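Biologist: I have a model open and want to read it piece by piece. Can you take my questions in turn?

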Amino acid sequence: MTGAGSAAGARALGALTRAGGADRGGIAAITRQALRTKRGAIGLALVLAVVLFAVVGPFVAPYSPDALVTVPLSGPSGHAWLGGDFLGRDVWSRLLAGGGALLLLAVLATLLGVGAGTAIGVTAGLVQGKTDSVLMRLVDVGLAFPQIVFALLLVSVAGARPWLVVVAVGVSHTPQVARVTRAATLDVAEQDFVKVAESNGVRRWRIIVFEIVPNLVSVLMVELGLRLTFSITLIAGLTFIGFGLRPPAPNWGVMINENRIGLTLNPWGVLAPIAMIAILTIGMNLFTDAFASAAIGVDRAGDLMLEAAPFAAEAAP
Amino acid sequence: MSLAATPASPGEAVPAPARRAGGTLLPLLGRRLVAGVFTLFAVSVVVFAATQVLPGNAATAVLGQSGTPQRVAQLEAQMHLDRPAVAQYASWIGGILHGNPGTSLVANQSVASIVLPRVLASAALVLIAAVVGVGIGVVGGVLAASRRSGLIDQSMSLGSLIVTAMPEFVVALLLVVLFSTTVLRVLPAVSVITPGRSVLDSPAELVLPIATLVIVIVPYIFRMMRGAMLEALESDYVEMARLKGLSVRRVLFVHALPNALAPVIQVIGLTLLYLAGGIVVVEFVFNYPGLGQGLVNAVTTRDIPAIQFLVLLLAAFYVFVNIVTDVLVLLVSPRRRYPR
């Protein structure tokens with residue numbers, strides 16, 4: 001529906017239409033529009049397929065994920081479709097059982113990071129002045145750590161525990177989310193409808209709840225999608241290098257690392273979990289990109305993704 | 001706010017106003033430096049506090065379940081854990097400022113002597129990857145923007161969406177499967193360089209780690225460059241140059257690209273920032289003896305002085321690159337010196 005022409009029109013109208021999702025018909029309409037694009041539909045289908053696999057998997061697995069059923073690192077056979085892992089456990093069964101924890105931790109970490117980041121960003125954007133600059137200085141400090149380094153720092157002393165992984169990854173998202181939501185809040189706060197509400201003497205919290213936040217919804221949705229992709233990447237990475245979920249828990253990240261030694265004998269022990277993680281993150285990325293294009297109305301959603309990329313610097317003082 | 005920077009409008013390419021604006025540059029530079037020093041200080045406090053606040057005392061963390069009370073007390077004394085936190089911090093940061101980041105709890109040698117060779121190994125990896133990646137990404141982005149929705153544009157845009165989504169270790173292991181184990185066996189799957197030997201002596205072992213990093217960074221650089229160039233190409237002065245009948249190449253490289261210079265600088269800065277974290281997993285996969293692998297090893301063995309120093313080092317690099325990038329961007333785009 002929104003071709004290049006109307007996108008350019010929306011940009012030209014500037015401030016009026018940039019108010020966000022409200023005038024474009026809310027999340028449902030944006031989602032429908034995103035799903036009408038090829039990348040949006042394919043992306044969501046990939047994500048749902050992996051989620052279904054991870055949720056239903058444990059119930060349909062032919063063996064227990066811990067049972068020793070075949071020769072270690074043997075290739076695919078009739079009773080072990082994807083062969084055996086380095087201890088002789090069934091790769092297919094472990095694959096079916098190994099996605100749930102990763103998905104759950106990633107969702108929790110994302111909610112924590114986006115929630116905390118939004119609280120900081122909206123506060124900074126609305127209050128401005130001293131509080132704003134103090135908060136943004138803190139955000140700068142947070143931005144000085146590469147996310148995985150920060151997560152490793154937290155995990156290093158307390159040891160690898162699921163809740164700590166959630167906290168570490170969530171907290172590492174916070175400064176970037178805060179930057180994005182602060183900028184979006186500043187954009188919304190200078191809109192005419194906010195000024196009208198202010199001059200009519202509407203209370204501050206009503207302005208926040210009824211004027212500002214509804215206009216941040218599409219920005220937040222895009223953030224959630226991006227951050228979820230990064231959470232999956234980070235948690236899988238932490239697990240892969242040995243600091244997420246401990247073996248013998250069946251987990252895609254753990255599987256990849258422990259079966260690496262047998263790459264030449266049974267590559268499926270590594271390739272199958274890699275494929276699951278890749279399909280999941282690629283699907284998330286495609287859908288988020290389509291959603292961002294629909295929500296913001298330009299075909300340069302890529303810029304937006306960069307803005308929220310794992311790295312982010314601010315050029316203007 | 002925008003990373004894909006708005007290129008300067010034509011008036012700003014004229015040197016005169018730029019020179020006038022130079023007056024505001026020095027104080028700005030000063031403020032940046034002060035902010036950078038403050039950030040570094042705060043970072044060091046965070047690094048230090050993280051090992052204090054978290055559940056479990058550092059000494060018991062190092063010794064694990066097996067530590068006898070005597071051994072714990074002995075280690076606490078060695079790590080000065082019996083002194084108040086502020087005094088501990090002061091002696092730690094004082095040591096670092098004097099070039100002595102402490103003694104490793106595991107290897108029984110100074111942290112500096114463990115870390116230094118790793119700095120060089122990682123620097124080789126990061127610099128080569130950055131040069132190759134920025135080269136490919138910038139050229140690709142400019143070409144894609146010049147033929148919008150053409151073959152290069154479409155395929156690189158879709159390719160970048162797919163590659164940016166993949167975790168580094170997925171890319172790394174796919175390369176290992178392709179080139180050193182299952183499909184072909186032309187490159188070493190892991191590096192056998194011992195820490196301390198120069199990594200440049202074994203170029204074959206550098207290929208896959210560098211290729212991984214390049215594959216991961218190119219899409220970001222490409223997308224950012226494409227966005228910046230598209231914006232420059234839509235501007236009035238490019239329209240004007242086209243109407244004058246200048247050749248496509250001239251318009252592209254003489255008129256549009258210089259105005260997208262700020263984004264190029266930012267791209268390089270951001271690439272370096274990304275690589276500071278990206279090396280962790282990639283070095284682990286390839287057993288490459290750099291800072292990232294050092295950090296993973298230190299975390300595995302709970303070598304707290306080494307963890308603290310490595311994290312501080314990576315964060316300092318981050319802050320440094322940030323400041324340099326910002327200053328360079330301000331130098332090439334006068335308009336940004338004024339708060340809007």
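Biologist: Which domains does the domain assignment of chain B give?

Modeller: Keep in mind that this model is predicted. The assignment for chain B has two entries, and their bounds are residue ranges. They are domain 1 (24-97) and domain 2 (116-337).

Biologist: How many residues of domain 1 of chain B are in contact with domain 2 of chain B?

Modeller: Contact here needs C-beta atoms within 7 Å. On the domain 2 side of chain B, 13 residues take part. On the domain 1 side of chain B, the number is 17 residues.

Biologist: Which helix supplies the largest share of the side of domain 1 of chain B that touches domain 2 of chain B?

Modeller: α2 (25-53) and α3 (58-63) of chain B each supply at least two residues of that side. The largest share is 13 residues. That share comes from α2(B).

Biologist: By class, what does the side of domain 1 of chain B that touches domain 2 of chain B have?

Modeller: Take the charged class first: it has one residue. The polar class has five. The nonpolar class has eleven.

Biologist: Now chain A. At what angle do the axes of helix α5 and helix α6 of chain A cross?

Modeller: Two packed helices are described by the angle and the distance between their axes. Helix α5 of chain A spans residues 100-127, and helix α6 of chain A spans residues 129-143. Their axes come within 7 Å. The crossing is left-handed, and the angle is roughly 145°.

Biologist: Which residues of α6(A) make the contact with α5(A)?

Modeller: From α5(A), the contact uses Ile120(A), Thr123(A), Ala124(A) and Val127(A). The residues of the contact divide into five nonpolar, three polar and one charged. From α6(A), the contact uses Gly129(A), Thr131(A), Asp132(A), Leu135(A) and Met136(A).

Biologist: Why are the buried residues of α2(A) on the same side of the helix?

Modeller: Helix α2 of chain A covers residues 26-36, and its buried residues are Ile30(A), Gln33(A) and Ala34(A). They share a side of α2(A) because the arc they cover around the axis is only 100°.

Biologist: How many helices and strands are there in chain A?

Modeller: Read along the sequence, chain A has α after α in its pattern. Of its 317 residues, 53% count as buried. The count for chain A is 13 helices and zero strands.

Biologist: And what does the secondary structure of chain B come to?

Modeller: Chain B has 340 residues, and buried residues make up 46% of them. Among its contacts between residues at least 6 apart in sequence, 72% join residues at least 24 apart. The secondary structure of chain B comes to 14 helices and zero strands.

Definitions and conventions: Residues are numbered from 1 along each chain as its sequence is written. Chains are lettered from A and ligands numbered from 1 in the order in which they are written. This is a predicted model: local features need pLDDT of at least 70, side-chain atom pairs count only at pLDDT 80 or more; totals for chains, interfaces and linings use all residues. Axes are lines fitted to C-alpha atoms, for helices over the stretch in contact, and angles run from 0 to 180 degrees between N-to-C directions. Helices (H or I, at least four residues) and strands (E, at least two) are DSSP runs, numbered from the N terminus. A crossing is left-handed if the near helix is turned anticlockwise from the far one by less than a right angle, and right-handed if clockwise. Two residues are in contact if their C-beta atoms, placed from the backbone, lie within 7 Å. Ala, Val, Leu, Ile, Met, Phe, Trp, Tyr, Cys and Pro count as nonpolar, Asp, Glu, Lys and Arg as charged, and the others, Gly among them, as polar. Domain bounds come from an automatic or database domain assignment. A residue is buried if 20 or more other C-beta atoms lie within 10 Å of its own, exposed if 12 or fewer, and partly exposed in between; C-beta atoms are placed from the backbone. The arc is that of the directions from the helix axis to the C-beta atoms.
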